[in-house]
Amino acid sequence: KDRGLVPDVITYNATISACFDTGRYAEALDKTREGLEKKLFPRFILQELTECDLHGLTEASSCMLLTDALLSINDCCADVPSSFRDVTVITGKGIHTKDPNGPVLKENVPNFLREVAGLRTVAIADNEGIFLISGKSLQEWVSSEKFEKFLSLF
């Protein structure tokens, strides 16, 4: 920025990944939100969506975009009894991945949600490129210590 260069989606993805990979989730989320303001990434609003398509996104950006959506629950619904809808998350099967280690989203995104956020996800048996966050698990999560712990990371 200091040199008059305008950061693009590649710059944001690299910065988000560097922060994410070193466990600096708050910084990764800040950069993700900057990218959202510039309309470089899709915005997922769980209260309005039943599907989040992560095709074409990096692992770090995918996790941070879902984090942004999950944290928005706190802004609108944490103190209000809500009924959450099931959300289908499409990671893709990784058929077109360019990563030499193979597909990363289909395993790493649900792992992040389970291990870091403490949120239950469910694999879809007939499609390995999709997982589900049930409305029931979202409701239980928002009322749990796991949600408070996740909030404290940001």
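## Working through the contacts

Lys 136 and Glu 140 sit 4 residues apart in helix α5, which is about one turn of the helix. Here, helices (H or I, at least four residues) and strands (E, at least two) are DSSP runs, numbered from the N terminus.

A word on the ground rules. This is a predicted model, where local features need pLDDT of at least 70, side-chain atom pairs count only at pLDDT 80 or more, and totals for chains, interfaces and linings use all residues. Residues are numbered from 1 along each chain as its sequence is written, and side-chain values use heavy atoms, with hydrogens and water left out.

**Exercise 1. Find what joins the side chains of Lys 136 and Glu 140, then find the salt bridge between Arg 120 and Glu 140.**

Step 1: start with the rule. A salt bridge is a side-chain nitrogen of Lys or Arg within 4 Å of a carboxyl oxygen of Asp or Glu.

Step 2: apply the rule to the helix pair. Lys 136 and Glu 140 form a salt bridge, at 4.0 Å from N to O.

Step 3: move on to Arg 120. Its side chain meets that of Glu 140 in a salt bridge at 3.0 Å, N to O. This pair links distant parts of the chain, 20 residues apart: Arg 120 is in the loop between α4 and β3, and Glu 140 is in helix α5 (residues 135-142).

Step 4: check how open each residue is. Buried means under 20% relative accessible area, exposed over 50%, and partly exposed in between (1.4 Å probe, protein chains only). Lys 136 is exposed at 58%, while Arg 120 is partly exposed at 48% and Glu 140 is partly exposed at 37%.

**Exercise 2. Work out which parts of the chain Glu 128 and Lys 106 tie together.**

Step 1: look at the contact. Their side chains meet in a salt bridge of 2.7 Å, N to O.

Step 2: Glu 128 lies in the loop between β3 (122-123) and β4 (130-133) and Lys 106 in helix α4 (residues 105-117), so the pair ties together parts 22 residues apart in sequence.

Step 3: compare with the total. The count for the structure comes to 7 salt bridges.

**Exercise 3. Where do the buried residues of α2 lie, seen down its axis?**

Step 1: list them. Tyr 25, Ala 28, Leu 29, Thr 32, Gly 35 and Leu 36 are buried in α2.

Step 2: look down the axis. These buried residues fall within an arc of 115° (taken from the directions from the helix axis to the C-beta atoms), so they line one face of the helix.

Step 3: An α-helix has 3.6 residues a turn, so residues three or four places apart point the same way.
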